[in-house]
Amino acid sequence: MPEQDDWEREFDHRWANSAEHKEPSARARMLAARWKENPPDPAPFRADPDPAPRRSSWVSTAVVLGCVAVVIVLLGYAQLRSPY
């Protein structure tokens, strides 16, 4: 029974989370020291990256139809080459 008490005491997350003072992580300390001298530029939360150039719909349609035509030609060639 004492072993179980030690186990529960060692991994009691409620006790750890209720601590009054929590030390920041090493990365948080590093960034705080860096930003003290050189603060970052303000940026919106989850800013959109530069928009990708949009292709017109006819280009996408031509690419899809071209792929379908290539597959049909390859299947037809495979049918001609296979001996039945």
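**A charged pair and a nonpolar patch**

Mentor: Happy to! In this predicted model, R29 and E23 form a salt bridge, with their closest N and O atoms 3.1 Å apart.

Trainee: How many salt bridges does the count come to?

Mentor: Side chains of opposite charge can pair when their charged atoms come close. The cut-off used here is 4 Å between the nitrogen and the carboxyl oxygen. R29 and E23 meet it at 3.1 Å. The count comes to one salt bridge.

Trainee: Is E23 buried or exposed?

Mentor: A residue counts as exposed over 50% relative accessible area. E23 has 61% relative accessibility, so E23 is exposed. For E23, then, the word is exposed.

Trainee: Which residues form a nonpolar patch on the surface?

Mentor: Let's start with one member, I72, which lies in helix 4, residues 57-81. I72 is exposed because its relative accessible area is 55%, and the cut-off for exposed is over 50%. Together the patch residues have about 270 Å² of accessible area, and they are V64, V68 and I72.

Trainee: What percentage of the residues of the protein chain count as buried?

Mentor: The chain has four helices and zero strands, running α-α-α-α from the N terminus. The chain exposes about 9,000 Å², with carbon and sulfur atoms supplying 61% of that area. Buried means under 20% relative accessible area. Of the 84 residues, the share that counts as buried is 1%.

Technical notes: Residues numbered from 1 in each chain as written. Predicted model: local features only at pLDDT ≥ 70, side-chain atom pairs only at ≥ 80, totals over all residues. Heavy atoms only, no water. Patch = residues over 30% accessible without salt bridge, like charges linked within 9 Å, V, L, I, M, F, W, Y side chains within 5 Å. Areas by Shrake-Rupley, 256 points an atom, 1.4 Å probe, with all protein chains shown as cover. Salt bridge = Lys/Arg side-chain N within 4 Å of Asp/Glu carboxyl O. Helix = DSSP H or I, 4+ residues; strand = E, 2+ residues; numbered from the N terminus. Buried < 20%, exposed > 50% of the residue type's maximum accessible area, 1.4 Å probe, protein only.
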